[in-house]
Amino acid sequence: MDSGSEQATPPAWRGLLRWCIPLGFLALVGWLVVREIDSLDLPAMQRTLLQMPLLPTLGIAAFALVAVAFTGLIDVILARWLHFGVQARAVFRLAFISNTLSNTLNLSGAIGSAVRLLGFASMGVETGRSAALVGMQVLSLPLGLSLLVGSTLALGRTPMLAGSGARWLVAIVLALAALYLPLFLVLTGRRGLMRWLPEQHALPRWSLKLQLSMLSLLDWLLAAAVLYACLELAGVHIRPIDLIGCFAVASVLGLLSLVPGGIGVFDSILVLALVALGYDQAASLAGLFLFRICYYVLPLFAGLMLGSGMLARRLPILGRAGERLRTHPLFGMLGLPASLLADVGIRLLAVLTFAAGILLLGSAAIPAVREHVEAVRDVLPMAAIEGSYWLSILMGVFLLGLGRGIDGRLRLAYRLAMPLLLISAVLALTKGLHYAEALFLLGVASLLRLRKREFSHAAMSLSSAVTLGWYAGLLVVVLVFFGIGIGSVFGDESFDLFYFGADGHSSRLARGLLAALIGLVAYLIWQVFAVRRPPLKLPDRSELERARTLYGEFGGGEFAHLTFMRVKHLFWSADGHAVMAYGSVRDRLVALGSPCGPEAERRRAILDFRRFADAQDRVPVFYEVFERDLSLYHDLGFDLFKLGELAIIPLAEFSLVGKRWEDLRQAVNRSIKEQLSFELLDPPFDTALMSELEQVSDQWLADKAAREKGFSLGRFDRDYLAWGQLAIVRRGDDIIAFANVLPAYGPGGVLSVDLMRQVPDAPRGTMDFLFARIMQWGKEQGNAYFSFGMAPLSRVGDNPYARINERLAALAFQYGGRFYNYQGLRRYKDKFAPQWVGSYLAYPRGLWVPGLLIDIAALVEGGYRRFLFGGRHDS
């Protein structure tokens with residue numbers, strides 16, 4: 001994160017409050033509810049819901065959509081006041097999508113505000129103006145509630161909860177809420193408090209403030225009207241003045257709780273207030289449940305349908321907009337990246353799929369209305385009704401599990417969830433005429449169908465923290481269902497497992513436990529075999545020859561020859577014109593260097609590799625990419641971390657004359673005294689030669705107490721060494737040192753060496769002699785450059801403005817000499833005055849860089865077992 005981002009990061013205490021306040025309110029509400037739990041009558045609530053007539057219910061749902069949409073008029077008026085120059089229809093649409101998300105996912109207004117900021121930024125609206133609209137919109141929304149609270153207090157219609165402490169707390173909170181309107185009217189007239197407004201823009205006039213106040217009041221009254229209609233339909237014939245008081249108290253406490261949508265807090269306070277006024281608890285719960293569906297869930301469906309794919313389709317624009325907004329204090333405070341907002345639709349669909357499973361199990365746990373079962377029995381036999389009940393439980397468990405697949409954009413999860421939702425909707429009717437349940441299931445299926453193209457992944461991780469979290473949720477819901485089922489069976493003295501009848505709820509539920517168990521086991525088995533990642537295959541000889549042809553034509557970069565070690569896989573672009581070598585560790589796919597191929601194809605290859613990784617729920621990483629390619633990775637949405645610098649020698653400058661080459665010249669002169677000779681051998685190599693080289697290699701490893709590595713480093717492998725030339729140093733007839741030469745593939749390629757081994761008693765300067773002769777030979781062959789290899793962590797984080805991860809790496813470079821000679825390696829290579837070329841790690845945004853570097857270190861070692869325990873690695 002850059003310095004601007006760090007400055008915009010909210011302080012720790014604010015993040016702590018975001019957790020403590022909601023948990024505190026939920027604890028308080030939980031205590032209040034526990035006192036009333038004995039009188040809770042869920043079957044009565046269910047009967048009330050099922051007895052509601054369909055047409056009036058649909059009318060309330062339509063009215064709720066209008067009420068939620070009305071809030072968007074505030075955005076339209078503010079956009080006109082701030083001179084956005086954007087069509088009112090576009091502002092209204094964005095406002096509707098934002099409001100439906102923020103109603104449900106509140107998060108202190110962060111979701112709705114961030115969606116507005118990104119939406120307006122992608123429309124070309126100046127950041128300061130869009131932030132001003134968000135600020136005024138957030139400040140304007142409570143104005144109407146403040147008026148309602150003031151009216152409630154003035155009329156003395158405040159509902160009083162049980163307990164003097166609760167009454168005093170409510171009175172204080174309401175008094176403060178009533179003061180919000182006058183404070184807003186006064187304080188918004190002071191420039192010092194409105195610094196977030198564009199400097200050239202005038203302060204809001206009284207006419208605008210009054211207009212916003214009236215719109216906000218109408219907005220809250222419309223919400224109260226929807227609640228009133230829901231309660232009336234449920235049989236709670238409440239006086240409007242009483243409803244306004246209860247609604248105002250519950251809304252204020254719900255907002256202050258910071259709980260998304262006020263869920264739990266608003267509902268509990270409202271029901272407790274209605275019960276205190278003498279209204280029926282079950283009917284109140286049914287009306288409130290209908291209100292939640294009509295005012296929150298259905299508008300959320302509509303918002304997702306209206307904005308389906310909008311954020312995902314515009315992700316590149318939103319990414320650039322997010323970069324512009326990142327340094328703005330408001331967006332920094334929200335802390336929501338563009339990628340998260342682009343995925344919010346899929347995340348909600350995953351939650352809705354999981355909720356569909358909960359609904360199926362929940363409706364099975366509550367006794368069915370006898371009259372509905374008997375009505376269905378007139379059309380279907382009892383065996384079909386019982387079968388519908390049993391199958392709906394089975395499908396409910398599967399839908400709980402498929403929520404993870406939907407969250408992971410798994411194509412197979414989508415293909416399975418769609419028929420399950422449709423069949424479950426039919427079963428909701430055949431098991432007891434559960435119309436609302438059927439409509440919800442059909443709604444989820446419709447939303448999934450709209451986002452069909454988003455489900456492109458073929459596999460996902462079965463051991464990630466996200467997957468384990470979904471598994472935990474699945475097991476908790478199933479265990480709760482089992483607890484309810486077992487409690488119902490033990491509580492029914494006339495229980496008979498094989499009783500089939502309209503009133504046989506306990507028997508039906510006991511049989512359903514078997515369905516839930518079968519569903520859980522079947523899902524887990526399906527999950528293991530259906531969504532596991534396909535095995536990655538190592539290239540064969542013909543594929544390696546094909547890659548070498550491409551390297552020779554277009555250049556393979558500094559790491560092309562390491563492909564032939566056959567410990568890495570090859571990824572070909574969709575058209576087969578570009579290739580890259582990559583390894584796999586945990587859920588990372590790590591490409592070594594940049595793709596090889598025509599310039600126009602390399603960008604496409606990076607995108608294809610990212611899609612390939614995404615389809616398997618893996619993370620694409622590019623290790624050791626160089627400065628010339630940085631813009632390519634930046635434009636494709638990768639973050640960059642500097643790994644060090646590569647030392648490149650222009651061979652046109654090489655000679656054995658002058659101070660620059662003193663070490664190499666001395667090594668060459670010393671070789672004559674030591675009777676050393678140099679040879680450059682072409683493959684194929686005979687067995688005797690390879691055996692002698694292997695002895696040199698083994699002695700070198702034993703002397704260094706080292707082990708063979710892989711991935712980005714060579715190792716002694718006869719097949720690998722047979723792909724290129726070998727440089728050998730002999731003393732008499734004995735080989736005392738060798739290195740394999742990495743060819744300079746393609747035009748402008750870089751000559752280098754990889755595997756460098758010598759016997760422990762080799763004369764001082766033997767390797768310098770080897771380098772000098774290879775560079776002389778390379779210059780004679782017309783090669784332009786020679787690489788001395790990497791200086792890890794060189795020039796990384798060496799200024800106060802560097803990123804935090806790179807500044808930490810600088811400490812390792814400065815003080816890590818005990819573990820690795822970083823500075824000594826840099827000084828040795830610096831003697832030859834090379835051209836230093838930065839080497840970088842390119843990774844998707846949001847990843848933890850130290851964890852990535854540990855993964856790559858394990859990959860180089862040959863796996864985590866060998867990295868941690870030094871175990872044997874079979875290549």
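Guide: Two strands count as paired if DSSP finds at least two bridges between them. The model discussed here is a predicted one.

Visitor: Which residue of strand 11 is the bridge partner of Leu-640?

Guide: Strand 5, which covers residues 638-650, pairs with strand 11, residues 835-844, in the antiparallel sense, and the pairing extends over ten bridges. Within strand 11, the residue bridged to Leu-640 is Ala-842.

Visitor: Which strands are the edge strands of the open sheet?

Guide: The open sheet is formed by eleven strands with mixed pairing, and their order is 1-2-3-4-11-5-10-9-8-7-6. From one strand to the next, the twist averages 30°. An edge strand pairs on one side only, and this applies to the strands at residues 569-572 and 676-681, namely strand 1 and strand 6.

Visitor: At about what angle does helix 27 run to strand 4?

Guide: Helix 27, made of residues 599-615, lies across several strands, including strand 1, strand 2, strand 3 and strand 11. Strand 4 (619-626) is also among those it lies across, and the angle of helix 27 to that strand is about 150°.

Visitor: And at about what angle does helix 32 run to strand 9?

Guide: Helix 32, residues 766-780, lies across strand 5, strand 6, strand 7, strand 8, strand 9 and strand 10. Relative to strand 9 (750-758), helix 32 runs at about 155°.

Visitor: Are helix 22 and helix 23 roughly parallel or antiparallel to each other?

Guide: Helix 22 (residues 411-430) packs against helix 23 (residues 435-450) with the axes 8 Å apart and at an angle of about 160°. Angles over 145 degrees count as roughly antiparallel. The two helices, helix 22 and helix 23, are therefore roughly antiparallel.

Visitor: How many residues of the contact of helix 22 with helix 23 are nonpolar?

Guide: On the helix 22 side the contact includes Tyr-414, Met-418, Leu-421 and Leu-429, and on the helix 23 side it includes Tyr-435, Leu-441, Val-444 and Leu-448. One residue of this contact is polar and two are charged, while the number of nonpolar residues is 15.

Visitor: Why are Tyr-180 and Phe-184 separated by about one helical turn?

Guide: The two residues form an aromatic pair that is stacked, with 6.5 Å from centre to centre and 25° between the planes. Both belong to helix 10 (residues 180-187), and Tyr-180 and Phe-184 are about one helical turn apart because their separation along that helix is four residues.

Visitor: Is the crossing of helix 10 and helix 11 left-handed or right-handed?

Guide: The axes of helix 10 and helix 11 (residues 206-233) come within 10 Å, and they cross at roughly 155°. Helix 10 is therefore roughly antiparallel to helix 11. In this contact Leu-181, Phe-184 and Leu-185 of helix 10 meet Trp-206, Lys-209 and Ser-213 of helix 11. The handedness of the crossing of helix 10 and helix 11 is right-handed.

Visitor: How many residues of the contact of helix 8 with helix 10 are charged?

Guide: Helix 8, residues 127-155, has an axis that comes within 8 Å of that of helix 10, and the two cross at roughly 140°. Helix 8 is therefore oblique to helix 10. From helix 10 the contact uses Tyr-180, Leu-181 and Phe-184, and from helix 8 it uses residues including Met-136, Leu-139, Pro-142 and Leu-147. Eight of the contact residues are nonpolar and two are polar, and the number charged is none.

Visitor: Is the peptide bond from Pro-683 to Pro-684 cis or trans?

Guide: Most peptide bonds are trans. Pro-684 lies in the loop between strand 6 and helix 30 (687-704). The bond from Pro-683 to Pro-684 has omega near 5°, and it is cis.

Note on methods
Residues numbered from 1 in each chain as written. Predicted model: local features only at pLDDT ≥ 70, side-chain atom pairs only at ≥ 80, totals over all residues. Heavy atoms only, no water. Axes fitted to C-alpha atoms, helices over the stretch in contact; angles between N-to-C directions. Parallel < 35°, antiparallel > 145°, perpendicular 65-115°, else oblique. Contact = heavy atoms within 4.5 Å. Nonpolar A, V, L, I, M, F, W, Y, C, P; charged D, E, K, R; others polar. Phe/Tyr/Trp six-rings, centres within 6.5 Å; stacked < 30°, edge-to-face > 60°. Left-handed = near helix turned anticlockwise from the far one by under 90°.
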